[in-house]
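Q: Please go through the terms used for this protein and set each value against its definition.

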Amino acid sequence: MLTFLGYTLVFLALLVSVFLVFRPEASSNPLVRNMSMAIQSAPFLLLAACFLIEANSLDLVSRYVGEGLPLSYRISAVWGSRSGPLLMWASMMSVITWVMSRDQLIDGMTIRVMHSWTSSLLLVSAGLRPFAPAAPGSSGEISPLLQTDLMVIHPPVVFVYYSLCMATASIAMSGLIRSRPSKETHDSMIRWARYSFLAGTVGIGLGGLWA
């Protein structure tokens, strides 16, 4: 059941993302904007919920969540694999795209580029089979080296940094594609570049503390 539901949500998220690549102006509608963010975030939220409730019928959960693993480490186990972080990244990109689509300085081409990134992340994560059913007798646990409190905080902050960098780059790409004046492009992207710098500073600082 979880496998079917998970892949259905991934398919819907990918379908919505591709639709908004070709129809970015639809994001101006508040209902479409809110629904697209919810649908694009749904696969990651479902996967995170499966880790929290220890749904061992899924392969990822059975391999990364051992018996008696504390709640905080079950949370960090969500991004302990390869597909988990990609779904998290796609979810973050959807939230940032939602915010950008409300900004009058951001044009439709930028929104189109952002949804293109999200589509790519969802497509790659789907290929890694995040909701594959567990094989009989398979079990494991996230590496003891990753069972730290900073594992709960550091990766999400770093992926926020990645997402904000891609938002800044998307504005620059949009300006290049549309041949906008460089000052206009700069004014549109400087705020997002500052957000990126702040998130990167925090993320690298946490990584240094962890190391």
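A: Of the 211 residues in the protein, 49% are buried, where buried means under 20% relative accessible area, exposed over 50% and partly exposed in between, with a 1.4 Å probe and protein chains only. This is a predicted model, in which local features need pLDDT of at least 70 and side-chain atom pairs count only at pLDDT 80 or more, while totals for chains, interfaces and linings use all residues. Residues are numbered from 1 along each chain as its sequence is written, and side-chain values use heavy atoms, with hydrogens and water left out.

Q: Why does histidine 115 count as buried?
A: Histidine 115 has 2% relative accessibility, and therefore counts as buried. Leaving aside neighbours within four places in sequence, histidine 115 is in contact (heavy atoms within 4.5 Å) with Ser17, Leu20, Val21, Ser27, Gln40 and Thr97.

Q: Why are α1 and α6 called roughly antiparallel?
A: Helix α1 (residues 2–22) and α6 pack at an angle of about 155 degrees, their axes 8 Å apart; angles under 35 degrees count as roughly parallel, over 145 as roughly antiparallel, 65 to 115 as roughly perpendicular and the rest as oblique. α1 and α6 are therefore roughly antiparallel to each other.

Key
Axes fitted to C-alpha atoms, helices over the stretch in contact; angles between N-to-C directions. Helix = DSSP H or I, 4+ residues; strand = E, 2+ residues; numbered from the N terminus.
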